Amino acid sequence: MKIEFQYTDESSSNKEILSVLRDIEKFSFVKKISVLPPYIKYLNGNISKQNDIIVGSIIDFPFGVLSTENKLNIIKKSIQDGAKSIEIVMPSFLINNRQNVKIKKDIEQCYDLCSENAVNLHYILEYRIYNYSCLSRLVKFLLAFNLNNIYISTGYRLDDIYDHIIAMRMIIKENENANIICNANIYNKEHLEILESSNLSHFRVNSVNALTMIREKYQIWTILG
């Protein structure tokens, strides 16, 4: 099972970011922490030496409105600052106008830049905005570039965990090779049980409370490794 952590508070100070990092480092099963681009350099420079956690940069959060050129510049800066994972919100302004050729070109340019720098690239969808047909089409675009680790949600909007899982199942039904990563809000142990019963093995959380519940449920830290 893979567990990731996401922190997207745009107004945090370095002190607050450091506090979050130290909290996350107490949970050895967390494999990646993803933050907004301005915090990458500071975060990467303060990870404990004994910790091998990956730092990810969440780009164009939460609405996906940046031009390809702007995204490429942010990707470059994130990589320079130490990001090992790039996570991009799908370009909403292109999706809304069904500009499929431009969407593919946008993905291709981001993919090439990340490949040149040996950095993992992931995309973030938003199932609460687009219908399943549109989401399935976008996933097919990503799979064509062998980008099969896809986040179903930005985590920006509150959602119902059942709706989240239904959306995942609907997309996987049409795209069997896609690894859709759950990014649902987890508030209580019932939510964890729902995830477990759905046979999900890869998900992202956005609160220390969720990590605490995961540790309590599985009792020992290393069982999720």
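Is R204 buried or exposed? In this predicted model, R204 is buried, because its relative accessible area is 0%, and buried means under 20%.

**Overall form**

The chain contains nine helices and eight strands. Its radius of gyration is 17 Å, close to the 17 Å given by the globule rule for 225 residues, so the chain is as compact as a globular protein of that length. Along the principal axes, the C-alpha atoms fill a box of roughly 50 × 40 × 30 Å. Of the 225 residues, 52% count as buried. The chain exposes about 11100 Å², of which carbon and sulfur atoms supply 48%.

**Salt bridges**

Side chains of opposite charge can pair when their charged atoms come close.

| Salt bridge | Closest N to O distance |
|---|---|
| D106 and K71 | 2.9 Å |
| E87 and R204 | 2.9 Å |

D106 forms its salt bridge with K71. D106 lies in helix 5 and K71 in helix 3, so the pair ties together parts that are 35 residues apart in sequence. D106 is buried at 1% relative accessible area, and K71 is buried at 0%.

E87 forms a salt bridge with R204. This pair links strand 4, which holds E87, to strand 8, which holds R204, 117 residues apart. E87 is buried, with a relative accessible area of 0%. E4, K32, E87 and R204 are linked in a network of salt bridges.

K189 belongs to helix 8 and E216 to helix 9, 27 residues apart. K189 is partly exposed at 49% relative accessibility, and E216 is partly exposed at 47%.

Note on methods: Residues are numbered from 1 along each chain as its sequence is written. This is a predicted model: local features need pLDDT of at least 70, side-chain atom pairs count only at pLDDT 80 or more; totals for chains, interfaces and linings use all residues. Side-chain values use heavy atoms; hydrogens and water are left out. Helices (H or I, at least four residues) and strands (E, at least two) are DSSP runs, numbered from the N terminus. The radius of gyration is taken over C-alpha atoms; the globule rule is 2.2 Å times the number of residues to the power 0.38. Buried means under 20% relative accessible area, exposed over 50%, partly exposed in between (1.4 Å probe, protein chains only). Accessible areas come from the Shrake-Rupley method with a 1.4 Å probe; for residues, only the protein chains shown count as cover. A salt bridge is a side-chain nitrogen of Lys or Arg within 4 Å of a carboxyl oxygen of Asp or Glu.
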